[in-house]
Amino acid sequence: MTAQPIRYHSAADLAALFGVQPGTIETWRARYSDFPEPDAYVGRVGGWLPSREPELRAWEATRPGRGAGGGRPRKD
């Protein structure tokens, strides 16, 4: 009997889940220290267990939006 392989979500899978480009996931990983760590790595490529989808969705829901932080003050 052959064991079934463990399936993981790739960054591209997460991008499809959130409706963003795959590179956005890597940007989030680099920019936000609280982005959930992958469950496994194959080389430098991370993979997240599908059971962590609620955790990942919760993280994305609390992520600062575009323009958060104020930016440069406006000139009067």
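Asp-39 is partly exposed, because its relative accessible area is 35% and that class lies between buried, under 20%, and exposed, over 50%, as found with a 1.4 Å probe on protein chains only. Please keep in mind that this is a predicted model, in which local features need pLDDT of at least 70, side-chain atom pairs count only at pLDDT 80 or more, and totals for chains, interfaces and linings use all residues. Residues are numbered from 1 along each chain as its sequence is written, and side-chain values use heavy atoms, with hydrogens and water left out.

What does the side chain of Asp-39 meet in a salt bridge? The partner is Arg-52, at 3.0 Å from N to O. The term salt bridge stands for a side-chain nitrogen of Lys or Arg within 4 Å of a carboxyl oxygen of Asp or Glu. In general, side chains of opposite charge can pair when their charged atoms come close.

Helices and strands are DSSP runs numbered from the N terminus, with at least four residues of H or I for a helix and at least two of E for a strand. Strand 2 spans 45-47, and helix 3 spans 53-62.

Is Arg-52 buried or exposed? Arg-52 counts as buried, because its relative accessible area is 14%. Setting aside residues up to four places away in sequence, Arg-52 touches Pro-36, Glu-37, Pro-38 and Asp-39, where contact means heavy atoms within 4.5 Å. A network of salt bridges links Arg-52 with Asp-39 and Glu-55.

The structure holds 5 salt bridges. One of them joins the side chains of Glu-53 and Arg-57, again at 3.0 Å from N to O. Both residues lie in helix 3, 4 residues apart, which is about one turn of the helix. Glu-53 is partly exposed at 25% relative accessibility, and Arg-57 is partly exposed at 39%. Another salt bridge is formed by Glu-60 and Arg-63, whose closest N and O atoms are 3.8 Å apart. Glu-60 is partly exposed at 25%, as is Arg-63 at 24%.

I turn now to the nonpolar residues. In soluble globular proteins, nonpolar side chains tend to be buried together. A nonpolar core is a set of buried Ala, Val, Leu, Ile, Met, Phe, Trp, Tyr and Cys residues joined through side-chain atoms within 4.5 Å. The largest one here has 11 residues, among them Leu-14, Phe-18, Ile-25, Trp-28, Leu-56 and Trp-59. Helix 1 (11-18), helix 2 and helix 3 each supply at least two residues of this core, and helix 1 gives the most, with 4 residues.

Trp-28 deserves a mention of its own. Apart from neighbours within four places in sequence, Trp-28 is in contact with Phe-18, Val-20, Phe-35, Trp-59, Glu-60 and Arg-63.

How do helix 1 and helix 2 pack, and at what angle? The angle is about 100 degrees, with the axes 7 Å apart; axes are lines fitted to C-alpha atoms, for helices over the stretch in contact, and angles run from 0 to 180 degrees between N-to-C directions. The two helices are therefore roughly perpendicular, a class that covers 65 to 115 degrees. Residues in this contact include Ala-11, Leu-14 and Phe-18 of helix 1, and Pro-22, Ile-25 and Glu-26 of helix 2.

Note on methods: Parallel < 35°, antiparallel > 145°, perpendicular 65-115°, else oblique.
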